[in-house]
Number of protein chains: 2
Amino acid sequence: MAKITKQSENFSKWYTDVILEADLADYGPVKGTMVIKPYGYSLWQNVKNTLNNMIEESGHENAYFPLFIPKSFLEKEAKHVEGFAKECAVVTHSKLVSEDGVLTVDPSSKLEEEIIVRPTSETIIWHMFKKWVTSYRDLPIKINQWANVVRWEMRTRLFLRTSEFLWQEGHTAHASKEEAIKETLMIVEMYKSLFEEHLAIPTMIGRKSNMERFAGADETYSIETMMKDKKALQAGTSHYLGTNFGTAFDVKFQSKENKEQPVFATSWGVSTRMIGALIMVHGDDKGLKIPPRIAPHQVVIIPINPKNEDKEKFDNFVDTAHNMLKESSIRCSIDDSNNSPGFKFNNWELKGAPLRIDIGLKEFQSGSVTVCRRDTGEKEEMSIKALNTLTSTLEDIQKGMYDSANSFLEENTFELNDYNKFKKQLSNENCFIKAYWDGSDASELKIKEQTKATIRCILKDVNDPNLKCIFSGEPAKHLVVFAKAY
Amino acid sequence: MAKITKQSENFSKWYTDVILEADLADYGPVKGTMVIKPYGYSLWQNVKNTLNNMIEESGHENAYFPLFIPKSFLEKEAKHVEGFAKECAVVTHSKLVSEDGVLTVDPSSKLEEEIIVRPTSETIIWHMFKKWVTSYRDLPIKINQWANVVRWEMRTRLFLRTSEFLWQEGHTAHASKEEAIKETLMIVEMYKSLFEEHLAIPTMIGRKSNMERFAGADETYSIETMMKDKKALQAGTSHYLGTNFGTAFDVKFQSKENKEQPVFATSWGVSTRMIGALIMVHGDDKGLKIPPRIAPHQVVIIPINPKNEDKEKFDNFVDTAHNMLKESSIRCSIDDSNNSPGFKFNNWELKGAPLRIDIGLKEFQSGSVTVCRRDTGEKEEMSIKALNTLTSTLEDIQKGMYDSANSFLEENTFELNDYNKFKKQLSNENCFIKAYWDGSDASELKIKEQTKATIRCILKDVNDPNLKCIFSGEPAKHLVVFAKAY
């Protein structure tokens, strides 16, 4: 039986235990890499398909750009260089030589220019846009890519921070600043509905501070979420890139008025990190809890008939239940493995299936089934004829999971205007703190040094002389959310 | 207007022209890399989704394994080393240093062990199987991965041979040789139905000779297809790997009888190369011809109303046609761009949409539309009420495209038993030649040297003293297909 550390004992260990025991993922052989196992990948596929529909329906087209980026491309945008140079996989050679079965790098295959494995694709995409954009007729370009990217992180954690991860990266090019900003904000709202309606995760949205902004962006908007250890996880970002990449890659266009104009850009992405958020927002000491809308199995049927009594009729009864659920478009499977019922109960709790249906001889004889909810633990016996009502039970679970996560977020978010209380609160336990800030890097840095909390996002700008920065006492420029973060 | 070289003039140039002009793909900045543009990616997505359904329905699960493979893994299987060492992207460093905006590789970030960007994933997957497989209860494992892989080819061509390509790679582990071989063959049949039923491409299937076999396989089965220049394209492979990788990675299992047994393996894949096959099997001097089942747009409507007469009613009429097609589950779009009708006609011919519907004022006034077939060029005026019959027209086009490609394959496949005729035939023009072969590397090599034709696959084994090798005159072991190949 799977052994999982309790959340209260060691949250971080609980997290890893759940991932490994529920068969979501495993460690790859190269440090910091991750193998996504079928159960984890199926979850990712459901999230991916949901988001991909949203992306396509909002007028974006999928495409694919190369993994390999010439080193010189990274140099072209000053902030982008600084942001990514320190954590790159660098390809320097193109051949190995095998001698007596031992492989060494062939020195003669050294590349003229080193190649970077993409940490993100702005540079290569803007190199292509230079070829594709000449006139206002070519704009907007609204492209999305599902891809793997590599950032050579020192400290990695499954799903949250791995040296290779899977993501979606949107890249758009526009004729005007207004249009590009509108796109940036539209995407944040799209992510918000993905998180809230499908992952059942409440979000806070806002702009990033200078220090937390994406390398090369004029503005970065982020989706901030609260984990069960009350730390923040940045779960998605949408960047307004201004003309930074357009200028760096010399992409201009001829306007309707026949004037040469700069091209405005956005980029945005969410990654396999979302799965990390999902685990840490909903999971408990029994394991995962997966919201019905994205669950690989919404319902798992456990047939219990150890002595194979009335085998054929019993199996038919189980199949009938299964078919009724499939007819209601419920993703449903039968666990007819050789494991014991007890093992199966625990296993599907661990794997977070929203509903379990137990069918034993007693149920079979009375034409009923026992339905167990993963979220509340409630059990209910119901007639097999009533199985179509489970569609609304699943909706109820989906809503309940969101409400519960939202209450948790609200209960652990405080508005403070006294820096001593701020420090005390954060030394007691993690939380989100809404507070006023003077907008200076200095204040932000000091707060981080003293409390480990960073500005997660800027909720709104303020212009009222009575509002003071919680740290400096200087006039406040913004209302922000502070928290310790992943 | 797009300019495309004629097939008869220069087939290779025709191929590239079509890809670039129809907006399927473009060249990436690193030599040999490819950008798949939205239209090409949409085509790929349709093929991918079709195949993914087949893979999942046949009991395989999707997963994801890391891009990065330790160099030492490649060393473990002798033939695999030889097969891939010469064309690898080697990551040697993990950091760049930026000085005055110039990036250089940080020598201190040199990796202890070099990392290879996966050319295929057998080694990393069998490393993981070692962790996952202990008992017969863990078998079979039937996994598929959609991924990018890198093979550093010197001579590249869009879709056919690019240093990075997208593919699906299946990897399975079995308790018995019989089961693994059954899997290998089942996959070949699955690929055959993908090609024949969806891509409308007839196939020849057979085993590869020693010389053409996959590095590390005991047997390789391939899907061979004939392009319009009568050269062969190997469009998919399925490998029986025996215990080669199981042994190399020390994966054994406890059998039901409590005995330690070796694990048997298969792997199989098809790639973005399929798009190359599609172009070269169906395309003509006007451009692409895409089979309806995988066409991004099965029907494109061209509204022609230059003076905007009766604008509102006319647009409603066009929308009605569009909606009727959508209700028949036809993938359909309206080209309402500002381009001229003539440009649109040529453009959708170039892009290979199976059906075009022209709606001008004449049609609007008589409640009809003009339907143009890409395959035959036929035009037909029909009542808007009859639009639902286009479902069967699309099926007819699908079938017609297959039949036409199949006739072409048959007309250009010869059975010969005289080596002089063989040489003469191949010096006159490309073709497939069925002939008997003695099974020796020597004969195969000599034939290749003298005619550039290789053994595409072994169609069947023979054991009849009257049958002689076409080259050596020695007793024949196999009936094979020879052809010049991509």
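1. Residues are numbered from 1 along each chain as its sequence is written, with chains lettered from A and ligands numbered from 1 in the order in which they are written. As the model is predicted, local features need pLDDT of at least 70 and side-chain atom pairs count only at pLDDT 80 or more, while totals for chains, interfaces and linings use all residues; side-chain values use heavy atoms, leaving out hydrogens and water.

2. Over all chains, the whole structure holds 32 aromatic pairs (rings of Phe, Tyr and Trp, the last by its six-membered ring, with centres within 6.5 Å; planes under 30 degrees apart are stacked, over 60 edge-to-face, the rest tilted). A:Tyr419 and A:Phe471 are edge-to-face, because their ring centres are 5.1 Å apart and their planes stand at 90 degrees. A:Tyr419 belongs to helix α13 (residues 419-428) of chain A and A:Phe471 to the loop between β24 and β25 (478-483) of chain A, so the pair ties together parts 52 residues apart in sequence. (Helices, H or I of at least four residues, and strands, E of at least two, are DSSP runs numbered from the N terminus.) A:Tyr419 is buried at 11% relative accessible area, whereas A:Phe471 is partly exposed at 27% (buried is under 20%, exposed over 50%, partly exposed in between; 1.4 Å probe, protein chains only).

3. In chain B, the rings of B:Phe422 and B:Phe482 have centres 5.1 Å apart and planes at 85 degrees, so this pair is edge-to-face. It links helix α13 (residues 419-428) and strand β25 (residues 478-483) of chain B, with the two residues 60 apart. B:Phe422 is buried at 0%, and B:Phe482 is buried at 1%.

4. One aromatic cluster is formed by A:Phe65, A:Trp126, A:Phe129 and A:Trp132.

5. The second largest pocket holds about 1,500 Å³ of space (on a 1 Å grid over the protein atoms alone, a pocket is an open set of points where a 1.4 Å probe fits, with protein on both sides within 12 Å along at least five of seven lines; lining residues have an atom within 4 Å of a point). Of its 42 lining residues, A:Glu153, A:Arg161, A:Gln234, A:Arg273 and A:Tyr486 are the closest to its centre.

Methods:
Grid points are joined across faces, edges and corners, and a volume is the space filled by probe spheres set on the points.
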